[in-house]
Amino acid sequence: MSFTAQVKDELSRIEDGCALCPYAALSAITRVCGTLSFRGSGRYSIRVATETGAVARTMIKLTHELFDLETPLTVRHSNLHKTRNYLIEIPEQDELEADLERLGILVAGRGLATGAPHDLLARPCCKRAFVRGAFMAGGFIADPRGDFHLEIAVTGEEFAHDIVDIARELGVEARLNRRRGSFAVYVKSFDDIVVLLRAMGATRSAMAVGNVRRMKSLKNDVNRRVNAEMANQARSTGAAADQLQLIAQAERGMGLRALPPALREFCLLRRANPELSLVALGALCDPPASKSAMYHRVLRLQELVGEMRTKGVGTS
């Protein structure tokens with residue numbers, strides 16, 4: 001089961017907050033994935049097609065509970081994609097026109113509504129139910145192990161802008177993208193996706209997204225540390241090679257026995273341990289020396305080799 005299907009299955013099992021919430025959810029589902037047909041004299045019919053069983057189940061449940069409408073269901077199988085397609089038909093019925101007006105899909109005397117049914121969305125819980133229905137009908141959420149992306153595909157520009165506004169009222173910064181005559185209301189921020197999932201009631205899915213983000217953060221932190229360690233190791237290896245070259249030049253120019261004791265100790269330890277950092281090399285000194293002390297020995301060795309070069313002493 002895809003992550004989108006998991007989220008929709010969780011949403012289909014949520015108990016609504018108030019008496020109007022089921023109407024808001026059914027209105028969104030019907031509007032987003034339903035096709036309304038009109039034959040004149042107030043005769044309407046609806047066809048709802050979905051590939052998600054949770055959406056079909058919710059659509060039939062709410063339609064029966066709220067309006068007791070006749071809703072034949074046809075399940076079709078795709079051999080090519082090995083998926084099921086659910087077709088719900090609400091044929092012409094005497095009560096259907098009034099029911100569609102109750103859902104805010106039709107406006108009495110004006111026909112099809114272009115925006116969201118604001119009369120149904122006076123309460124925050126109804127707004128959450130409406131967005132939940134819209135996501136169930138036309139929503140997609142990427143597997144959080146990849147990118148963070150959630151979107152709801154709808155038709156009608158005013159309707160799409162209304163969903164963006166409702167999402168903003170729920171604390172989510174959603175954006176709008178036009179796609180071949182339809183619109184995608186989308187969210188890409190991790191924080192906004194979690195807020196929206198929780199607002200819709202998908203708390204388990206929100207926790208799953210949060211867990212994935214923590215794992216991503218942990219992996220990124222480990223990778224950063226490994227990369228930093230490798231870079232430090234590369235720098236340390238390069239610095240050790242430069243130091244060995246200085247030691248060889250000092251030995252040719254004046255001999256290691258002529259060096260001050262601290263410098264001579266550094267040269268001998270470096271030759272014996274070319275892979276160690278200055279910190280580790282300092283720990284081998286007697287007495288142990290700090291990284292700063294070891295660095296100053298390197299600088300002093302550079303100065304001596306520089307003086308020998310100036311005097312023309314054989315350091316080449």
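1. Two strands count as paired here if DSSP finds at least two bridges between them. With that criterion in mind, and noting that the model is predicted, one can turn to strand β8 (residues 150–154) and β10, which run antiparallel and are joined by five bridges. Within this pairing, A153 has A184 of β10 as its bridge partner.

2. As background, strands of a sheet pair through backbone hydrogen bonds, either parallel or antiparallel.

3. On the other flank of β10 (residues 182–187), the pairing with β9 is again described by five bridges in the antiparallel sense. β9 and β10 form a hairpin with two residues between them, and R180 in the turn has a positive phi of about 45°.

4. The peptide bond that joins D286 and P287 is cis, with omega about 0°, and P287 is found in the loop between α10 (278–283) and α11.

5. Helix α11 (residues 291–311) has 21 residues and reaches 31 Å from its first C-alpha to its last, which is close to the 30 Å expected at 1.5 Å a residue. Its buried residues include M294, R297, V298, L301, L304, V305 and M308. Seen down the axis of α11, the buried residues fall within an arc of 120°, so they line one face of the helix. This can be read alongside the general rule that an α-helix has 3.6 residues a turn, so residues three or four places apart point the same way. After α11 comes G312, whose phi is positive, near 80°.

6. Which burial pattern does helix α2 show? In α2 (residues 21–33), 13 of the 13 residues are buried, so this helix is largely enclosed by the rest of the structure. The end C-alpha atoms of α2 are 19 Å apart, which agrees with the 18 Å that its 13 residues should span at 1.5 Å a residue.

7. The largest nonpolar core has 70 residues, and those with the most contacts inside it are V7, L121, F130, F135, I141, V154 and L197. Leaving aside neighbours within four places in sequence, I141 is in contact with F3, T4, V7, F135, H149, L150, I193 and L197. A second, separate core of 19 residues includes L246, L256, L269 and L304; L304 is also among the buried residues of α11.

8. Finally, E97 lies in helix α4 (residues 96–102) and is partly exposed, with a relative accessible area of 30%. Residues up to four places away in sequence not being counted, E97 touches G42, Y44 and L106. The C-alpha atoms of E97 and Y44 are separated by 6.6 Å, although these residues are 53 residues apart along the chain.

Definitions and conventions. Residues numbered from 1 in each chain as written. Predicted model: local features only at pLDDT ≥ 70, side-chain atom pairs only at ≥ 80, totals over all residues. Heavy atoms only, no water. Helix = DSSP H or I, 4+ residues; strand = E, 2+ residues; numbered from the N terminus. Expected span 1.5 Å × (residues − 1). Buried < 20%, exposed > 50% of the residue type's maximum accessible area, 1.4 Å probe, protein only. Arc of directions from axis to C-beta. Core = buried A, V, L, I, M, F, W, Y, C linked by side-chain atoms within 4.5 Å. Contact = heavy atoms within 4.5 Å.
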